[in-house]
Amino acid sequence: MNHDDLDAPDLRSLASLPSLAPSDIGQRRVRSRCHAALARERRIGLAPRLLDAALVAAAGIYLAAVLTEAVRLVSAG
Amino acid sequence: MTGVDRELELKLVAQLRAGEAGAFDAVYAEYNRRLFTFLARLSSSRDVAEDLLEETWLRLIGQAHRLQPDTRLGPWLFTVARNLYLSYRRSRALEDIHRSETEARWPAVHFRSPFEATAATELERHLEAALAQLPFAYREVLLLVGVEGLRPADAAVVCGVSPVALRQRLSRARALLAQRLEDARRPMAAIPREVTP
């Protein structure tokens, strides 16, 4: 038998071995835990994004105020 | 999804990074049974496999936002499952010592894997028994490449070895498996058939 051949009968026999399914109860538990964890991750991930948006908005307002003040000073001078 | 649907896989990774439940469900549907089968054959225990499977999926959720955009989900999941099994094995090392002492004391005691009990044919039974008795390094490579159909390069990533080392290990594993199967067949062949007049 050539043990470098990936299409040999021994590997084909292994590939045809049956698979096994976890219990229904176990599957339901895993899915519900994972969905809950995903929702939690999303909530945690949302906080930094909201903070970023608030910082960008504050920087925009500050820049607009600076520009307005600069225009006012130029036109007054 | 082993290389065929790469485009879909990349899309699922992007959706997982964004925390989309639908992407998780798709990945779960694709890999859950395969991971369970892999873990059950590694551990020879349904209960252990179920616990490690749950932990594997929770790891995916915990790491989802840190996945690289080009992550290959199959090797990633099998790597996590394998590492969790190794951690479990280390934590149970004392019990393993006790078990090997028990086996030494009563050599006739044979621990059947859940697969041996459900094997449909004699060849399957022999294969399951031979697989379960192989050393871990050989068993895992046969499970990944032979049973799960991972490419040797992906299996090398899972096992943390170079592709060359994996090919050598695979070759030795196949030789040992063939020898074990031959050993299992020999006593049966030696049984004299009933002589009919």
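**Six aromatic pairs turn up in a search of the whole structure over all chains.** In one of them, B:Phe24 and B:Trp57, the ring centres lie 5.6 Å apart and the planes stand at 85°, so this pair is edge-to-face. The pair joins distant parts of the chain, with B:Phe24 in helix α2 of chain B and B:Trp57 in helix α3 of chain B, 33 residues apart. Here rings of Phe, Tyr and Trp (its six-membered ring) pair if their centres lie within 6.5 Å; planes under 30 degrees apart count as stacked, over 60 as edge-to-face and the rest as tilted. Helices are DSSP runs (H or I, at least four residues), as are strands (E, at least two), numbered from the N terminus.

This is a predicted model, in which local features need pLDDT of at least 70 and side-chain atom pairs count only at pLDDT 80 or more, while totals for chains, interfaces and linings use all residues; side-chain values use heavy atoms, leaving out hydrogens and water. Residues are numbered from 1 along each chain as its sequence is written, while chains are lettered from A and ligands numbered from 1 in the order in which they are written.

**Ring pairs gather B:Phe24, B:Tyr28 and B:Trp57 into a cluster.** How accessible are B:Phe24 and B:Trp57? B:Phe24 counts as buried because its relative accessibility is 0%, and B:Trp57 counts as buried at 0% too. Buried means under 20% relative accessible area, exposed means over 50%, and partly exposed is in between (1.4 Å probe, protein chains only).

**Helices α2 and α3 of chain B cross at roughly 145°.** Two packed helices are described by the angle between their axes and the distance between the axes. For α2 (residues 21–43) and α3 (residues 46–63), the axes come within 9 Å, and the crossing is right-handed. The axes are lines fitted to C-alpha atoms, for helices over the stretch in contact, with angles from 0 to 180 degrees between N-to-C directions. A crossing is right-handed if the near helix is turned clockwise from the far one by less than a right angle, and left-handed if anticlockwise. Look for B:Tyr31, B:Leu35 and B:Leu39 among the α2(B) residues that meet α3(B), where B:Leu53, B:Thr56 and B:Leu60 are among the partners.

**B:Ser44 sits in the loop between α2 and α3 of chain B.** Most residues other than glycine have a negative phi, and most peptide bonds are trans. B:Ser44 is not a glycine, yet it has a positive phi of about 55°. Its relative accessible area is 26%, so B:Ser44 is partly exposed.

**B:Thr79 and B:Val80 both belong to helix α4 of chain B.** This helix covers residues 73–91. The side chain of B:Thr79 reaches the backbone oxygen of B:Pro75 at 2.6 Å. Such a polar contact is a pair of N or O atoms within 3.5 Å; within protein, one must be able to donate a hydrogen and the other to accept it, and residues adjacent in sequence count only if both atoms are side-chain atoms. Not counting residues up to four places away in sequence, B:Thr79 touches B:Val157 and B:Val158, where contact means heavy atoms within 4.5 Å. B:Val80 counts as buried because its relative accessibility is 14%. Leaving aside neighbours within four places, B:Val80 is in contact with B:Thr56 and B:Arg59.

**B:Glu140 is a charged residue in helix α8 (residues 136–147) of chain B.** Is B:Glu140 buried or exposed? At 1% relative accessibility, B:Glu140 counts as buried. Leaving aside neighbours within four places in sequence, its contacts include B:Arg82, B:Cys159 and B:Arg169.

**Helix α9 (residues 152–159) of chain B is mostly covered.** Six of its eight residues are buried, including B:Asp154, B:Ala155 and B:Cys159. Just after α9(B) comes B:Gly160, with a positive phi of about 70°.
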